[in-house]
Number of protein chains: 2
Amino acid sequence: MLTEAQRDCLEVVLVSPRNPLNIGAAARAMANFGFHRLSVVAPFAPTWREARSAVGTPELLLSAIESATLAEAVAGCTLVVGTGTLTCRKPEQKVVPLPDLAPLMARELAQGSRIALVYGSEKHGLTRDDLSLCHILVEIPTDPGQPSMNLGQAVAVCLYELATRAFPSPEAPPAEGASLIPPATSAATSGHLDLLAEVIEETMRAAGYSPKSMQAANRHDLRLLLRRLALSTRDVRRILGLFRRILWRLNAPQ
Amino acid sequence: MLTEAQRDCLEVVLVSPRNPLNIGAAARAMANFGFHRLSVVAPFAPTWREARSAVGTPELLLSAIESATLAEAVAGCTLVVGTGTLTCRKPEQKVVPLPDLAPLMARELAQGSRIALVYGSEKHGLTRDDLSLCHILVEIPTDPGQPSMNLGQAVAVCLYELATRAFPSPEAPPAEGASLIPPATSAATSGHLDLLAEVIEETMRAAGYSPKSMQAANRHDLRLLLRRLALSTRDVRRILGLFRRILWRLNAPQ
């Protein structure tokens, strides 16, 4: 049983889901394991309408937050965890098998992190662009003969694992394991990092750093880099201050 | 990744499933986690037809075994694990939370057990009669506000847990924990126990042991008792021999 505060620490994000039954199943799994923060990014309108009007729709689906972009949905989170089958891709982030995720998350939660668990659309999973917003990726260990899981079932499996093993009971000692974010600072949210990335990109452009053809690739690499650094809010403030200053100088009339 | 021998040790049994989508989802979860033995007990005919004719039906659903009764479906198994929400019932068997099941099962598997994981129908779960065929019950820890899980999701969660934690890699040492069945004997199958129960019941009737009104209740208690005893095949042979002898004497003309 999770406490009220624990329930609030985890947000489930569905990016462009296509099947109303899957949306309902994801919401039901959340209710089963005691979570209630659901965000849906750019849902297909008829799908979204149908999912919310189904009989027995859980309350949390009716109060789900709709966002236009993943960046917007996870802006308030300090740890963004992408999910999916990674057989055909070579991800740039650390990939954690689901059974190893709980001790890691327990440490983050003990530091007051707010965590997003992000699922891509049924057909394509998370895009390269979505992945660039994730700090780490989690993989459910499945059989190579049938690696790809149904969305509702994948959500159920992840939430079972986390509800059971990532949220320590009040009396239990904190879990062992390396932290992703250094302690004793407040971790930067995804929104902070995006703001920082924007200012740095603007600086790159203003400085003529990269040709136009390279700008998308650079943006991607920059996002990943900023997430790997595990910045605190104070770090972000400092770096932002620096880049704004540089930018002001670059844009000042000569 | 499970070995071929490990895949064979676990059978999933669906009792009277009503929704073809749930049957498909259960089969898909089995394929995801590398299992392939599926039994379906007394399926509703149109449901069963529809589930097997869906696009992309996994091979294991086409080769699923259909049985008229649960007793028949689990006849070859040495450990029958019932699943479900137990909030409204007071089960007579040991109830194991899913996160504690793996070490227990790992020990059973090391002794060559064949295990059945049994799911009741979506509406009612396992009946009292079904439950009397189970050695233990497993419960997925869910939120009291929404305890009941969707069938396909419940199968996915259980198989994830067991595939990940109950099947030790060949090089790993066997898991710690108490065994349900004493080692160094071959455990009696559910079919053996049913045969034994039948002969004992016949003896009860022949001996005028219980009034007609009590016979159903006695049958139920007898099944549970036999399962709690963790009998070996040799035990079963001996007890059978004894009861057959008694029965012969009871039925012999005076």
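Modeller: Two residues are in contact if their C-beta atoms, placed from the backbone, lie within 7 Å. This is a predicted model, in which local features need pLDDT of at least 70 and side-chain atom pairs count only at pLDDT 80 or more, while totals for chains, interfaces and linings use all residues. Residues are numbered from 1 along each chain as its sequence is written, and chains are lettered from A in the order in which they are written.

Biologist: Which domains does chain A have, and how many residues of domain 1 of chain A are in contact with domain 2 of chain A?

Modeller: Domain bounds come from an automatic or database domain assignment, which here gives domain 1 (4-165) and domain 2 (190-251) of chain A. In chain A, 12 residues of domain 1 are in contact with seven residues of domain 2, and the C-alpha centres of these two domains of chain A lie 27 Å apart.

Biologist: How many residues does each chain bring to the contact between chain A and chain B?

Modeller: Chain A brings 22 residues and chain B brings 23 residues. Of the interface residues of chain A, 100% are also interface residues in chain B, so the copies meet through the same surface.

Biologist: What rotation superposes chain A on chain B?

Modeller: Two copies of a chain are related by a rotation about an axis and a shift along it. Here, with least-squares superposition on the C-alpha atoms of residues with pLDDT of at least 70 in both copies, a rotation of 180 degrees with 0.1 Å of shift along its axis superposes chain A on chain B (RMSD 0.1 Å). The two copies are thus related as by a two-fold rotation axis.
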